[in-house]
Each structure stands twice: as structure tokens, then as C-alpha cells.
Amino acid sequence: MKNADKNRKSSVKQNRFLEVWKQFRRNKGAMFGLIVLIFLILIALLADVIWDYETDIIAMQVGDRLAKPSLAHPFGTDNYGRDMLARIGYGTRYSMLIGFASVLMGTVIGVPLGAISGYVGGRFDTVLMRIVDTFTIIPSLLMTIILVSVLGTNLLNLMIALSISTIPVMTRITRASVMVTRNNDYIESARAIGAPTYVILIKHVLPNCFSPILVQATLRVGSSIISAAGLSYIGLGVPLPTPEWGALLSASKSFIINAQHMCLFPGLAIMITVMVINLVGDGLRGALDPKLKR
């Protein structure tokens, strides 16, 4: 009997996944975004295999200084003669890591807080939401700048600062979803048979709030990449010679007249990455939200 019940649940989950995937595939923009995003993730994972950090990324080649795009250097070279294609490609690792890791950390903290707040309610909900409101009224970029200034400028501190600015967003979206779900009949049934609160939240409430949380988290990745690039541009992000895209843009400020390729290609990398992530997020929203299905 237990095996039959497990098989039935597994079949339902599989059918749900196939339905979502079918809806997602209908969105050509989302499929294009997914393909490009997978390509970028592969570059980030295989960066050490494709390029050698010491010789291809940070080693100076003064003789090739500020070379224009050519067959030898498709994206040109920087002011130290380093190949821009290699540096941008290797920088994919840092930008993608910052985007995904900061959102993951913010989600791990924000989702449980939002779930408990929305389910329990009462004084705990009121106090927590006032704290969240305090963080919300401060612009996220300004908050990140303050946190990075306090913590120091390195990769880990940048991810921590961006994750803290993500927590209020994930807390609010989770709380709203839980408040809609908590009064459903199957939740009342679980309460009636004496199921512990944490079991109800983990097994019954959160799985039914997964869609909006996933969509919001996906869209936040693009925002985090832009914020990280902006902070690196003003010197508060990943320090040089690390080839993070915002740091590459910052290094190109003095050469924007004589070597436009130094700022063009890192800017395009940021724009394309954020665009494909938003396309995937939009596709997920359409596939997971029945109201948007055609």
C-alpha cells in the first residue's frame, strides 16, 4: 500500500514536471534564453580548462597593448595587452557565481522567515514585517554599498551584501504565498490529524508556494549581476586583476575614446546574461502560473 502511494505521488510529480516543461517549450524566447544560459554556465564551469589563469588572464603582453579586435584577438586586448575574450570568458565564472550564490543565500534565509511569518501570523508576523519594512525602505543598491563598505571589498563580502538585500524580497514573496495557501482544506486536514507545524510547512505549504519563489529567485539573479557590476565599476566590488565584468568596465574608463572595445564587450556580456536570465524567468512564470497559460 505504501509503495503504491509512493508510486502515485511520483507519477503526479512527473506529470506536473512534464506539463510545466511543455508550457515552457512553447515560449521561444524562454528556450533561447535557457540555451544561452546553459552555454554561459558551461563556460563558467570549464573556465580553468579553456584558459590558464596565469598565462591567459593576468599575464601582461605589452607588445599587444590596446590592440583592436582581430582574428588573433576577437575582442581586442586591454591596456596591458591581455586578451579581452579570455578575460571576459573567465569573468563569466565570477559574475555567475555572484548572481546565483547571493540569491541562493538570500533565499535560504528569506524563505523560512517568510514561511513562518505567513503561517504563524500574530505578533511574530507583525514584528518581522516591520523589520523587513525597515530594510525595504532603503534602496537595495545603497544598502549593498553600505554593507560592502563596512565588510570590505572582496568576492565573499560582495555576495553576502547582495544576499542581505535579497532577503526582504524573498521573505515578502514567501509570506504572501503562504498566507494564500495556509487556509486550504488539505492544510486544515493536516492540522486536524495533529501534524507538527514544521511538517505542515515543509511537506504541504512550501511545495505549493514553490512557483512564485522560483520565478522571483530567477529574476533576482539578473539584478544581482547588475548590482555586482555597478559596485565593481565604482571600486566597491571584486578588485582587479580579477576579471569580473564590472571590474573590466571600470578598467576601461580611461580608454573609452581610444579603445572602445574595452568597454563594449564587457557591457554586452552583462546585457546578454541579464537578458537571457530574465527570458528564462518570464518563461517560468508563464509555465508555472495557470492564469498566464494560453
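I began with a pair in this predicted model: Asp125 and Arg175 are both buried. I looked up their contact and found a salt bridge, with the closest N and O atoms 2.7 Å apart. Asp125 sits in helix H6 (residues 122-136) and Arg175 in helix H8 (residues 155-181), so this pair ties together parts 50 residues apart in sequence.

I then checked Asp133 and Arg172, which form a salt bridge with the closest N and O atoms at 2.0 Å. This pair also links distant parts of the chain, Asp133 being in helix H6 and Arg172 in helix H8, 39 residues apart. I noted Asp133 as partly exposed because its relative accessibility is 22%. Arg172 is partly exposed too, at 33%.

Next I took the network that shared partners make of Asp78, Arg82 and Arg87. Within it, Asp78 bridges to Arg82, the closest N and O atoms being 2.9 Å apart. Asp78 counts as buried at 3% relative accessibility, and Arg82 counts as buried at 9%. My count of salt bridges came to eight.

Helix H2 (28-45) and helix H3 (47-50) each give two or more residues to the patch; H2 gives the most, with four. Phe100 belongs to helix H5 (residues 84-120) and is partly exposed at 36% relative accessibility.

Last, I looked up confidence. The mean pLDDT is 86, and 94% of the residues reach 70 or more. Among the elements, H2 has the highest mean pLDDT (94) and helix H1 (residues 2-25) the lowest (67).

Key. Residues are numbered from 1 along each chain as its sequence is written. This is a predicted model: local features need pLDDT of at least 70, side-chain atom pairs count only at pLDDT 80 or more; totals for chains, interfaces and linings use all residues. Side-chain values use heavy atoms; hydrogens and water are left out. Buried means under 20% relative accessible area, exposed over 50%, partly exposed in between (1.4 Å probe, protein chains only). pLDDT is the predictor's confidence in each residue, from 0 to 100. A salt bridge is a side-chain nitrogen of Lys or Arg within 4 Å of a carboxyl oxygen of Asp or Glu.
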